[in-house]
Amino acid sequence: MSERTAAPGAVIVADTTGPADIYGVHGTAGLTHWKALASGLDLAAGWEAVEWASVPPGGVSGEHRHTRTEEIYFVLRGFGEIVLDGVASPIHEGSMVLTGVGTVHGLRNTGDTDLDWLVIEIRSPHTAHTLRTAAGQDTESPARPVTEETPVNARLHDLRAEKTVDPAGVFTGPLRRAALRSLEPGGTLGLRSEGVEHTVFVTSGSGWAQSDSATVELAAGTSVTLPLGTEVRLGAGKSEELEFFHAELTVPATAGEHAR
């Protein structure tokens, strides 16, 4: 295992400590704390990035249209509202927003504590095709690009209540599922990236993640991302449950062949 700067093919372990302070995200004037947990440059399944973000009370992540990527917001802490094409809805810890291509979205902290959320950005089929074609990996016809006339394509879920969400009907890219999962004290789970890639973000509890090369401790705010061909075993501590967000993306056959 290794940190975010690991050699290609290594399991990527990161956490939310030491974020950058960024002002004016998506055209706003306020402060956003932000940290990249994994980059699509190290992965094969069409990920753009896995990120953590936070805004203070009253803070805003400005409204913007998604034309290249499909995006998950999963709220980790706090209260706020998500604006989807001008319509505001309340969000809270456990809320998950699926924003498809063509939709304008923004977020505001309406609570009295920081609003923290996980961001998973996934390339749309049209964007992924363009990148693969440029790299000589794809000769199929491109998917339909996004225009101003693309219909609204977004959905709000309570992942704590639903536990797992099928993105069909909103996302058209490689996301196969998004879930909030848990391991009982002492429980274990094996994950292998074969035809798929995984990212896990610990929301509560403690435990460990073991690969062929190392074992690392897990705590709230730790992420583990598995590039193609890697595997880990997750384990909960002996005295408490381990809860984590889990996203799984299908790897295109051409990308898998190129990675090998």
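User: What is the relative accessible area of F74?

Analyst: Happy to start there. The model is predicted, with local features needing pLDDT of at least 70, side-chain atom pairs counting only at pLDDT 80 or more, and totals for chains, interfaces and linings using all residues. Residues are numbered from 1 along each chain as its sequence is written, and side-chain values use heavy atoms, leaving out hydrogens and water. With buried meaning under 20% relative accessible area, exposed over 50% and partly exposed in between (1.4 Å probe, protein chains only), F74 counts as buried because its value is 1%.

User: How many aromatic pairs does a search of the whole structure find?

Analyst: The rings of Phe, Tyr and Trp (its six-membered ring) pair if their centres lie within 6.5 Å; planes under 30 degrees apart are stacked, over 60 edge-to-face, and the rest tilted. By that rule, the number of aromatic pairs in the whole structure is two.

User: What is the angle between the ring planes of Y73 and W117?

Analyst: Y73 sits in strand β6 and W117 in strand β11, 44 residues apart, where strands are DSSP runs of E with at least two residues and helices are runs of H or I with at least four, numbered from the N terminus. Both residues are buried. Their ring centres are 5.7 Å apart, and the pair counts as tilted because the planes meet at 50°.

User: How far apart in sequence are the parts that F74 and F245 tie together?

Analyst: F74 and F245 make a stacked aromatic pair, 5.0 Å from centre to centre with 25° between the planes. F245 is buried, because its relative accessibility is 0%. F74 belongs to strand β6 and F245 to strand β21, so the parts they tie together are separated in sequence by 171 residues.

User: Which residues touch the most other members of the largest nonpolar core?

Analyst: A nonpolar core is a set of buried Ala, Val, Leu, Ile, Met, Phe, Trp, Tyr and Cys residues joined through side-chain atoms within 4.5 Å. The largest one has 30 residues, and those that touch the most other members are I72, F74, M96, L118, I120 and F245.

User: What is the C-alpha separation of V200 and V224?

Analyst: V200 is in strand β16 (residues 196-204) and counts as buried because its relative accessibility is 4%. Its contacts (heavy atoms within 4.5 Å), not counting residues up to four places away in sequence, include V224, F244 and F245. V200 and V224 are 24 residues apart along the chain, and their C-alpha atoms are separated by 5.2 Å.

User: What is the phi of D85, roughly?

Analyst: Most residues other than glycine have a negative phi. D85 lies in the loop between β7 (79-84) and β8 (87-92), and it counts as partly exposed because its relative accessibility is 29%. Although D85 is not a glycine, its phi is positive, at about 50°.

User: And where is K163 found?

Analyst: K163 also has a positive phi without being glycine, near 75°. It is partly exposed, with a relative accessible area of 40%. Its place is the loop between α2 (159-162) and β13 (164-165).
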